[in-house]
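Good morning. Please look at the structure on the screen while I talk through a few parts of it.

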Amino acid sequence: MNITIVTPWYECLELAAAYWGAIDSGLSSGDALVVVDNGSEPPLSSRPEFTCDTSYSAIGIRCDQNLGFSRACNAGLREVSTKAVLFLNNDVVKASAAFTA
């Protein structure tokens, strides 16, 4: 079964390396990632930490202001086409074998 991860993100670039390390090995072709830029300045799409080449679908959504976690999750949910969805905070870290799609 394919899965989509939805993650609202506001600022906190220092979390990017641990976040990518936590999710990259768990997603594969047919899976998707939706990152909701929750009003970061400058926008996440302009930052190298958010330019990636992946085997899964990556979707970026830009909100003009910080909507809060729940509303940003709902914005990301509108982009989901898989049957399974996982909402993750941007401060997730990888535990051994904790996540495989």
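Helices here are DSSP runs of H or I with at least four residues, numbered from the N terminus. L77 lies in one of them, helix α2.

This is a predicted model, so a word on confidence: pLDDT is the predictor's confidence in each residue, from 0 to 100. The chain averages 85, and 90% of the residues score at least 70. Among the elements of the chain, helix α2, residues 69–77, has the highest mean pLDDT, at 95. The lowest mean, 84, belongs to helix α1, residues 16–23.

Back to L77. Is L77 buried, exposed or partly exposed? Its relative accessibility is 38%, so L77 counts as partly exposed, because that class runs between 20% and 50%. Together with F69, V85 and F87, L77 makes a nonpolar surface patch of about 310 Å². Two elements, α2 and β4 (84–87), each give two or more residues to that patch.

Now the aromatic rings. How many aromatic pairs does a search of the whole structure find? The search finds two. One is W9 with Y19, edge-to-face, at 5.0 Å centre to centre and 90° between the planes. This pair links distant parts of the chain, since W9 sits in strand β1, residues 3–9, and Y19 in helix α1, 10 residues apart. W9 has 0% relative accessibility, so W9 counts as buried. Y19 also has 0%, and counts as buried. Y19 pairs with W20 as well: the ring centres are 5.2 Å apart and the planes are at 75°, so this pair is edge-to-face. W20 is buried too.

Conventions. Residues numbered from 1 in each chain as written. Predicted model: local features only at pLDDT ≥ 70, side-chain atom pairs only at ≥ 80, totals over all residues. Heavy atoms only, no water. Patch = residues over 30% accessible without salt bridge, like charges linked within 9 Å, V, L, I, M, F, W, Y side chains within 5 Å. Areas by Shrake-Rupley, 256 points an atom, 1.4 Å probe, with all protein chains shown as cover. Salt bridge = Lys/Arg side-chain N within 4 Å of Asp/Glu carboxyl O. Buried < 20%, exposed > 50% of the residue type's maximum accessible area, 1.4 Å probe, protein only. Phe/Tyr/Trp six-rings, centres within 6.5 Å; stacked < 30°, edge-to-face > 60°.
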